[in-house]
Amino acid sequence: MTVQANVTNPGTTPSVSSLISGRTVQGTKVYSPAGDDLGHIDDIMIDAASGKIVYGVLQFGGFLGIGSDHYPIPFGRLRYDSARGGYTTDLTKADLEGAPPADRDWYENREWQRRNYDHYGVPYYWP
């Protein structure tokens, strides 16, 4: 059985399924409630045990990727907006800048993950 998503770029609306590849998500713009461009999804993080996408890693600032910051955002705070061809969030730039800084080991550090999820006001993805 083959499932076709018919999604070839971030602005495409799926015609058969709502499944999209991680490569399609990478590079997709993220917009604030006011429609401001906050940056783009640089990567997604998947919980290996459950298969659930738990973070969209937002890259913003800098020039051509130099000097930019990365903000792991719980994926539940992002909603795809086909009219904009990107993700929208109710987060502002100030919300992102107030998030716990992501150290090199953030994806292995449960205490950092707790602070991050608490900051964004979402339930933990782990039991």
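What covers the buried residues of α3? This is a predicted model, in which local features need pLDDT of at least 70 and side-chain atom pairs count only at pLDDT 80 or more, while totals for chains, interfaces and linings use all residues. Residues are numbered from 1 along each chain as its sequence is written, and side-chain values use heavy atoms, with hydrogens and water left out.

Select α3 (residues 110-120), bearing in mind that helices (H or I, at least four residues) and strands (E, at least two) are DSSP runs numbered from the N terminus. Buried here (under 20% relative accessible area, 1.4 Å probe, protein chains only) are Trp112, Gln113, Asn116, Tyr117 and Tyr120. Viewed down the axis of α3, these buried residues fall within an arc of 130° (taken from the directions from the helix axis to the C-beta atoms), so they line one face of the helix. Their cover includes β3, β4 and α2 (93-97), where contact means heavy atoms within 4.5 Å.

Now show both ends of α3: at its start, a side-chain oxygen of Asn109 reaches to within 3.0 Å of the backbone nitrogen of Glu111, and after the helix comes Gly121, with a positive phi near 70°.

Next, select the six strands, which form an open sheet of mixed pairing in the order β4-β3-β2-β1-β6-β5, two strands being paired if DSSP finds at least two bridges between them. β4 (69-74) and β5 (79-81) stand at the edges with a single partner strand each, so one side of each is left without a neighbour in the sheet.

Finally, select β1 (residues 29-31) and β2 (residues 37-46), which pair in the antiparallel sense over three bridges; Val30 has Gly39 of β2 as its bridge partner.

Terms used
Axes fitted to C-alpha atoms, helices over the stretch in contact; angles between N-to-C directions. Buried < 20%, exposed > 50% of the residue type's maximum accessible area, 1.4 Å probe, protein only. Polar contact = N/O pair within 3.5 Å; in protein donor to acceptor, adjacent residues only side chain to side chain.
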